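Here is a friendly briefing to read with the model open beside you. Take a moment to look over the fold before going on.

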Amino acid sequence: MSLSAAEDDSRSEIHIPADIDWHMLDKSKFFFLGAALFSGVSAALYPIVVLKTRQQVSSAQISCSKMSLSIMRYEGLRGFYRGFGTSLMGTIPARALYMGVLEVTKSSVGTATVRLGFSDTTATAIASAAAGLNSAMAAQLVWTPIDVVSQRLMVQGYNNSNSCKNAISNVHSCRYKNGLDAFRKILYADGPRGLYRGFGISILTYAPSNAVWWTSYSLAHKLIWGGIGCSMGKKDETGVIEGSGFKPDSRAVVAVQGLSAAMASGVSALITMPLDTIKTRLQVLDGEDNGVRRPMTVSQTIRNLVKEGGLSACYRGLGPRWASMSMSATTMITTYEFLKRLSAKSQDSLSS
């Protein structure tokens, strides 16, 4: 799909690089380079995810700075990367599945909606929402077990720090040596259901979150370029904008992509934060029934959050999550667009 909509009126004023569709990509290069690039992004942002997870499962309000100092003091730098190896191993296939479903859905739905007579702006919004929804649902098949294992490892040892002692009263008591050991013990104790604990709430969290994000991103992207096109052009006597032939450089393109991603992340984080907190607690914490530890239910988790502070308890970790989502989305979308251009087939290949 092209960028059109707001850009259509300014195409003569501002020459934006054309979007690259699924059929234009070298698939092997796309997935190989994608695994390498997104692994680097995950490594850079992982400490923020650890902070967010620990805040979400904490029964008390603990600031990011206090928690960061506690981790560094009692666990060292390794504390910020607990479960990273497991997360990285799962991120590569999950991200490949996510990107593949995203591009295929966006291309096919976009083409279908245009043929049905929808305007290009509406078609882009529908295609982006459908692509975000489908890709998130597909990726959760891989991401949920990885989330369960990596989050158990993230909070392990939390109560060893004096400043955070007893902050988590229901954290799983089992000790894990590494990701593989955690996988085996969870599978042995709870079966496959244990690895997919919180799968339903994960779908409810990430599917609409991705749909909102990609729709917001595409609309913000068009709006910003449309505004730039209008500001760069001049109006004649009839009010029509005359072209100025402005061609943005790569830095301008990246800046617009980053700003669009940050705007979309703010909306998505605020809407889905309570669901993400419930999901994290379901995957990490246990409840007690007659002295026997059992996985917590959604209703038990909500009741506990209400007792601990109501709606504000649902938004614990919002700061790190918002920062993580904004930085992740900005780096993800710029890396993603850069990756697509690196993986684009040559014109000779496309014409043959």
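This is a predicted model: local features need pLDDT of at least 70, side-chain atom pairs count only at pLDDT 80 or more; totals for chains, interfaces and linings use all residues.

Residues are numbered from 1 along each chain as its sequence is written, and side-chain values use heavy atoms, with hydrogens and water left out.

**The whole chain**

- The protein chain has twelve helices and four strands; these are DSSP runs numbered from the N terminus, with helices being H or I of at least four residues and strands being E of at least two.
- Of its 352 residues, 49% count as buried. Buried means under 20% relative accessible area, exposed means over 50%, and partly exposed lies in between, using a 1.4 Å probe and protein chains only.
- Among contacts in the protein chain with a separation of 6 or more, 81% come from residues 24 or more positions apart. Contact here means heavy atoms within 4.5 Å.

**How helix 1 packs**

- Two packed helices are described by the angle between their axes and the distance between the axes. The axes are lines fitted to C-alpha atoms, for helices over the stretch in contact, and the angles run from 0 to 180 degrees between N-to-C directions.
- Helix 1 (residues 27–57) meets helix 2 (residues 64–74) at an angle of about 110 degrees, and their axes are 11 Å apart. That makes the two helices roughly perpendicular. On this scale, angles under 35 degrees count as roughly parallel, over 145 as roughly antiparallel, 65 to 115 as roughly perpendicular and the rest as oblique.
- On the helix 1 side, the contact is made by Val 50, Leu 51, Arg 54 and Gln 55; helix 2 brings Cys 64, Met 67, Ser 68 and Ile 71.
- The residues of this contact of helix 1 with helix 2 are five nonpolar, two polar and one charged. Ala, Val, Leu, Ile, Met, Phe, Trp, Tyr, Cys and Pro count as nonpolar, Asp, Glu, Lys and Arg as charged, and the others, Gly among them, as polar.
- Helix 1 also packs with helix 11 (residues 318–343), at about 175 degrees and with axes 10 Å apart. Helix 1 and helix 11 are therefore roughly antiparallel to each other.
- The contact of helix 1 with helix 11 has 15 nonpolar, seven polar and four charged residues.

**Aromatic rings**

- Searching the whole structure gives eight aromatic pairs. Rings of Phe, Tyr and Trp (its six-membered ring) pair if their centres lie within 6.5 Å; planes under 30 degrees apart count as stacked, over 60 as edge-to-face and the rest as tilted.
- One of these pairs is Tyr 81 with Phe 84, edge-to-face at 5.5 Å centre to centre and 90 degrees between the planes. Tyr 81 is partly exposed at 31% relative accessible area, whereas Phe 84 is buried at 16%.
- The ring centres of Trp 213 and Trp 214 are 4.9 Å apart with planes at 80 degrees, so this pair is edge-to-face. Both Trp 213 and Trp 214 are buried.
- The charged end of Arg 95 sits over the ring of Tyr 98, 5.8 Å from its centre. For this, NZ of Lys or CZ of Arg must be within 6 Å of the ring centre and within 35 degrees of the ring normal.

The contacts named below leave aside neighbours within four places in sequence.

- Leu 141 lies in helix 4 (residues 120–155) and is in contact with Tyr 196 and Phe 199. Leu 141 and Phe 199 are 58 residues apart in sequence, with C-alpha atoms 8.3 Å apart.
- Gly 179 belongs to helix 5 (residues 179–190) and is buried, at 14% relative accessible area. Gly 179 is in contact with Thr 86, Val 149 and Leu 153.
- Leu 219, in helix 7 (residues 199–232), is partly exposed at 36% and touches Thr 121 and Ala 125.
- Arg 321 of helix 11 is buried at 5% relative accessibility. The contacts of Arg 321 include Lys 52, Thr 205 and Asp 276.
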